[in-house]
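Subject: Handover of a structure, with findings

Dear colleague,

Please find below the structure that I am handing over to you. My notes on it follow directly after.

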Amino acid sequence: MSMTIFGKSICVLGGGGFLGSHLVEALARRHCARVTAVDRSLSKLTCDAPQVDRLCASIENPDVVAYAVESHDIVVSTTAICNPALYNTEPLAVIDASFTHLLPLVSACTKAGKRLVHFSTCEVYGRGQLDPEGRTLPMREDESALVLGPVHLERWSYAAAKQLLERVIIGCGLHQGLDFTIIRPFNVIGPRMDFLPGVDGEGVPRVLACFIRALFQGEPLLLVDGGQARRSFIYVDELIEAVVRILERGAAVAGQVVNLGNPDNDITIAELARLIIRAFEHRTGRTHSAGTRGVPAQELYGPGYDDVDRRIADISKARRLLDFDPKVSLDSMLPSIVEDYFVRYGKAYGL
Ligand code: UGA
């Protein structure tokens, strides 16, 4: 095993979020000296390992950025507003969270000579490219064109902001010596994702939480435009293991952009609904009689929404550099995800 994080201190910005909290817990089990979780809320972070420090703060505060960079060997940035429902309703906040608020961090890491591991997104690929037969091509880090929809469709505000920050990071790497790795996760799902509207948040979360809420409420699962869009889902533990390897194998991934996803779990959203209903029914022993219902995208998201028909990661780079080999199927991950939602939210729904 590479030991490049042995004895190192790591700051996880967004350490109270879905991916951040899983990462902090995984790092606490490894050999780093200290992990600092920074977030505005740390309620998802249940880990109480002695080497984990918590800082309830925003990265909009310059002192927090200075502390993260000056007092740690490596900074991991996971902060963003990553719910599509907000891309067209709160685009300025989305752009600030994914771009403006992170510029001081990139600059501080560059000046201080600190390593930055940045969570970008598969959304930077936009709609993706098609082959001559109209099939979606797998998205490749260093070759695929990044094809967004029209600017007036504000859905693409997040992708554009994330793309631009990647360009800043890569520019600082090539021209000013920043040591960085950029990660592009593809539809990670698992325990503690997003929020359930009406219980611990408001609005429209990503698809997993939308479906779980509908199941708890006994309502139909909404299938946007019939649920024909496809996504390939990766289980959070497999993604986090790869991120830990990125932290451990500094030199091998320096200056790289790396896709992390599971192309084998590529399914339609309608099929995902069917699998989640089945896992939920198995857990409750009851039939979800409300089923599913097709809705126009505008009804759920409002004007300015657009969608990605299909998104498949080419993971050959991650296989080569990280021995990445995701294996967990949707059938095997969904029961434990459903169980986690029951443990955290069952009481709120009287179950
Ligand atoms: C989002 C983010 O934009 C990405 O940056 C992020 O990488 C990705 O989630 C992720 O989870 O990793 P997207 O895949 O569009 O992208 O997010 P979802 O909101 O989970 O939507 C997936 C699909 O389900 C879309 O086609 C959406 O229209 C559909 N959907 C969503 C439904 O059919 N019903 C719902 O109730 C909610």
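L222 is part of strand 8, which spans residues 221-224. Please bear in mind that this is a predicted model. L222 has a relative accessibility of 29% and therefore counts as partly exposed. Apart from its neighbours within four places in sequence, its contacts are F211, R293, V295 and L300.

In helix 7 (residues 207-217), the buried residues include F211 together with L208, A209, I212, A214, L215 and F216. What covers the buried residues of this helix? Strand 8 is part of the cover, as are strand 7 (188-189), helix 10 (269-284) and helix 13 (330-345). After helix 7 comes G218, which has a positive phi, near 70°.

Helix 10 and helix 13 also pack against each other. Their axes come within 9 Å and cross at roughly 55°, so the two helices are oblique to each other. The crossing is right-handed. On the side of helix 10, the contact involves L272, L275, I276, R278, A279, F280, R283 and T284, which meet L330, D331, L334, P335, V338, E339 and F342 of helix 13. By class, ten of the residues in this contact are nonpolar, one is polar and four are charged.

Helix 1 contributes F18, L19, H22, L23, A26 and L27 to the contact, while helix 8 contributes V236, D237, L239, I240, V243, V244 and L247. Eleven nonpolar residues, one polar and one charged make up this contact.

In soluble globular proteins, nonpolar side chains tend to be buried together. The largest nonpolar core here has 80 residues, of which L27, L260, L322 and Y341 touch the most other members. Setting aside neighbours within four places in sequence, L322 is in contact with A242, R245, I246, R249, V253, V258, L260 and K317. A second, separate core consists of 24 residues, among them V38, V106, L165 and C172.

Yours sincerely

Methods. Residues numbered from 1 in each chain as written. Heavy atoms only, no water. Contact = heavy atoms within 4.5 Å. Helix = DSSP H or I, 4+ residues; strand = E, 2+ residues; numbered from the N terminus. Nonpolar A, V, L, I, M, F, W, Y, C, P; charged D, E, K, R; others polar. Core = buried A, V, L, I, M, F, W, Y, C linked by side-chain atoms within 4.5 Å. Buried < 20%, exposed > 50% of the residue type's maximum accessible area, 1.4 Å probe, protein only. Axes fitted to C-alpha atoms, helices over the stretch in contact; angles between N-to-C directions. Parallel < 35°, antiparallel > 145°, perpendicular 65-115°, else oblique. Left-handed = near helix turned anticlockwise from the far one by under 90°.
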